Amino acid sequence: MNLKSRIFGLDLMRAMAIAMVVCSHALYIFQGYNNTLINAVQVFGVQGVEVFFVLSGFLIGGILLRLLEKTEFSKKEMLHFWIRRWFRTLPLYYLILVVNIIVALFIGFKLPETIWKYFLFLQNFSDYHIPFFPESWSLSVEEFAYLLAPFCIFIFYRMLNKSSINKEKFFLRVSVFLSIIFLGSKVYYYLKTVNDIQSLELWNSNLKAIVIYRLDAIFYGFILVYYFNERKTVIEIHRKNLFVVGLFLWFFVLVVLPLIGMRIEAYPFYWNVLYLPLNSIAISLMLPFLYYLKPPKKVISNFIQRVSLYSYAMYLLHYTFILYIMQLLLDFQSMNLFQRIACLILYLLLTYFLSKGIYLFFERPITNLRDSKCIKSFLKN
């Protein structure tokens, strides 16, 4: 992994996203305290995952677009892409999944009958089946997005006259098509549940965390890749204006509309169909400004880069493993505020340093193996 070629602004986005998720789950330590700050932090956790979706779509969409531009996107290229992705995502996921299963069995936790679905990322494909390892829901969304997108590019590319096709516009059309399909899935969900009782709890489990309703969050990043490549100069010039528009839209969706009474009970169409896409679009508009952001002092930028590098391990470790074991050993409810703050610091330190160890001794060696001459030769053949 060439650290010198990393883009600081994207590392900052990833670091901010994982910080939002980790801090939101730290609220478990402060159960019993109910104030505005804690409620705000809870919202940040959801937003952290949404930032991950758009950022992942932007990065992986960029890889797919470059692959499409340089090759004929054959079965070989498609398989090559998948194998490289799986080298990056699957080993650590399965490691943490197995560790969590072992811990659960050791303490006497009854595993769900659908535990097999976790190995195929089906635990939240079309229904809510995640009583165990709950943070895994977002990984299912990403895995299916990166399975579906190359497959659609491959199929549609074969259906067209390849000699006359504009590959960049073709990539945009496929991305827009996929975004519309899964925006439509939210319309389907709304029509299916329009006569049911609406609540944020049901929305959170039955729509927000379900693969077939969330794949468009990744594909907004794909669309951004096209405009970023084709209109790069214009985007660079207007990146500040785009950031302001995106920030305003984000604030309007997250703060203004809830404050004026846009609750899901009264406005189910907005929440079930429009809320999440508007959120993703807002994040997409802010990304170009961060992309061109110059790094600050070396100490700060190096720390942000490290958090970004460890973010995948942090995401998988922090909640079901670290925080769950802490609550088994410590009674947070009996502690005063200062003791809980000490637990919070311990939780953050454990998350950071355990994730660092996982990255150095597991993730990085596997990435190096993926990029080794042996594997590259195997993939070429």
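Tutor: Contact means heavy atoms within 4.5 Å. This is a predicted model, in which local features need pLDDT of at least 70 and side-chain atom pairs count only at pLDDT 80 or more, while totals for chains, interfaces and linings use all residues. Residues are numbered from 1 along each chain as its sequence is written, and side-chain values use heavy atoms, leaving out hydrogens and water.

Student: Which residues in H11 are met by Gly9, Leu10, Leu12 and Met13 in H1?
Tutor: Helices are DSSP runs (H or I, at least four residues), numbered from the N terminus. By class, the contact of H1 with H11 has seven nonpolar, one polar and no charged residues; Ala, Val, Leu, Ile, Met, Phe, Trp, Tyr, Cys and Pro count as nonpolar, Asp, Glu, Lys and Arg as charged, and the others, Gly among them, as polar. On the H11 side, the residues met are Ile283, Leu287, Leu290 and Tyr291.

Student: Is H1 parallel or oblique to H11?
Tutor: H1 (residues 8–25) and H11 (residues 268–291) pack with their axes 7 Å apart, at an angle of about 130°. Angles under 35 degrees count as roughly parallel, over 145 as roughly antiparallel, 65 to 115 as roughly perpendicular and the rest as oblique. The angle therefore makes the relation of H1 to H11 oblique.

Student: How many residues of H1 are buried?
Tutor: H1 has 18 residues and spans 26 Å between its first and last C-alpha, close to the 26 Å expected at 1.5 Å a residue. Counting as buried those under 20% relative accessible area (1.4 Å probe, protein chains only), H1 is mostly covered. The number of its buried residues is 14.

Student: How do the contact residues of H3 with H12 divide by class?
Tutor: The axes of H3 (residues 75–107) and H12 (residues 298–329) come within 10 Å and cross at roughly 10°, which means that H3 is roughly parallel to H12. Residues in H3 including Leu92, Ile96 and Val103 meet residues in H12, among them Leu316, Phe321 and Leu328. The division is 13 nonpolar, three polar and one charged.

Student: Where does H13 bend?
Tutor: H13 (residues 337–370) reaches 47 Å from first C-alpha to last, close to the 50 Å expected for its 34 residues at 1.5 Å a residue. The bend, an angle between axes fitted to the seven residues ending at a position and the seven starting there, is about 45° in H13. Among the buried residues of H13 are Tyr352, Ser355, Ile358 and Glu363. The bend is at Tyr359.

Note on methods: Axes fitted to C-alpha atoms, helices over the stretch in contact; angles between N-to-C directions. Helix = DSSP H or I, 4+ residues; strand = E, 2+ residues; numbered from the N terminus. Expected span 1.5 Å × (residues − 1). Buried < 20%, exposed > 50% of the residue type's maximum accessible area, 1.4 Å probe, protein only.
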